[in-house]
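Please bring up the model.

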Amino acid sequence: MQLRDDDKIKQLILDHARGELDEAGERELETWREKRVENEEMFQRVMSMENLEQGFLRFVKSPGAEEKTWNGILARTTRKAARVNRLRWIRYAAMIALPLIVGGMIYFMSGSSDKHEVIAESVQILPGKAKAELVLPGGDRVLLGEGGNSSVWNGVRSSGDTLYYRESEELQPDEKEELHVLRVPRGGEYTLVLADGTTVYLNAESELRYPKQFKGENRKVILVGEAYFDVYHNEQQPFLVEAGGMEVRVLGTSFGVRAYPEEENVLTTLVQGKVNVEADGRVVRLQPGEQADYDKADKLLTTAKVDVNLFVGWKDGRLIFDNAPLEVILSELGRWYSFDVFYANENLKQIPYSLNVRKDEHISGVLKLIERTRKVKFEINNQTIIVK
């Protein structure tokens, strides 16, 4: 392809990302994407880059700085790519997007909406929504979800997608600190504001145990599943999260914890502030952008620098994957969209993909994005997606 054609494709991608590409341009871009597998892979990786998701908060000021910035991005986004021309394409398209694309404007489109509507009429696999169950100390259960403000219990109120606890008088010395339980099912999410002002975002298939009021030296909660914590600062009363054999101790900060029982690793990802993570007698302190990884089988606790968006983007309405196996992607999508997966060929599970989609996208559109690589095909049968 000649340079002038490169310029044209570059502009098509940019206009598509900004939502400004007309129907003719979308058809031309789609034809180019379908022409070669490498074209589609380049398109997906550029659209899912870390700097795109963060909204390009840092603008490049000089050619030298631009070169350094994108060399760093390329090191992450093409580390498993073997073709030199694909590396050149990613760098070429990404450099034009840097100063123009704003975070939150990026979303995927995959052909005409008519195709999506046909699939949507034949299946009922829909995006998740705010829903949860609150289990009170006496065993009473309250279903939470869409709706207006309502009083749930003494000092507890629901606004439809958020459960609020009001700080009240101190517990009496002989009063028992009974735990409330908030459970979020498959295909759901919910927000909880604790009595101390801490906000907890619970992901699908997750459960949090916590007291109505915190007493004593610590503010302790117990997590099963995944949650994002925005902890209210209190030096006199540290906040503790117990999850999957690991304990996270903070004074006030923002971080994510992933501790699903069926997964081998428990992850703590720090967004801002500082946290101490303890497991099996070992303690590590995280800095922003670092992650603690506790291997439950080997009882090993390690730390590493990570792209935090890959691990906490779900809280802000995005599902982001960078070179992840298809099995991992579909498992995570299935948790949100509430579907099962059947593989006609087990080898398909390990095919790597990069994906960055909004959580309100219809599943048919998401699957069509993956199908564009021509490595897999999907068939939807009721609440099961067949991969072949």
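Arg183 is partly exposed, at 27% relative accessible area. Here buried means under 20%, exposed over 50%, and partly exposed in between, with a 1.4 Å probe and protein chains only. This is a predicted model: local features need pLDDT of at least 70, side-chain atom pairs count only at pLDDT 80 or more, and totals for chains, interfaces and linings use all residues. Residues are numbered from 1 along each chain as its sequence is written, and side-chain values use heavy atoms, with hydrogens and water left out.

Arg183 has a salt-bridge partner, Glu207, with the closest N and O atoms 2.8 Å apart. The pair ties together parts 24 residues apart in sequence, because Glu207 lies in strand E10 (206–211) and Arg183 in strand E7 (179–184). A salt bridge is a side-chain nitrogen of Lys or Arg within 4 Å of a carboxyl oxygen of Asp or Glu. Strands (E, at least two residues) and helices (H or I, at least four) are DSSP runs, numbered from the N terminus.

Glu207 is buried, at 17%. Glu207 also bridges to Arg209, at 3.1 Å, N to O. Arg209 is partly exposed, at 30%.

How many salt bridges does the whole structure hold? The search finds 24.

Next, Asp360 and Arg358. Their side chains meet at 3.4 Å, N to O. Asp360 is exposed, at 54%. Arg358 is partly exposed, at 30%. Elsewhere, shared partners join salt bridges into one network, including Arg258, Glu263 and Glu332.

Last, helix H10, residues 363–371. Nine of its nine residues are buried. Among them are Lys368 and Glu371.
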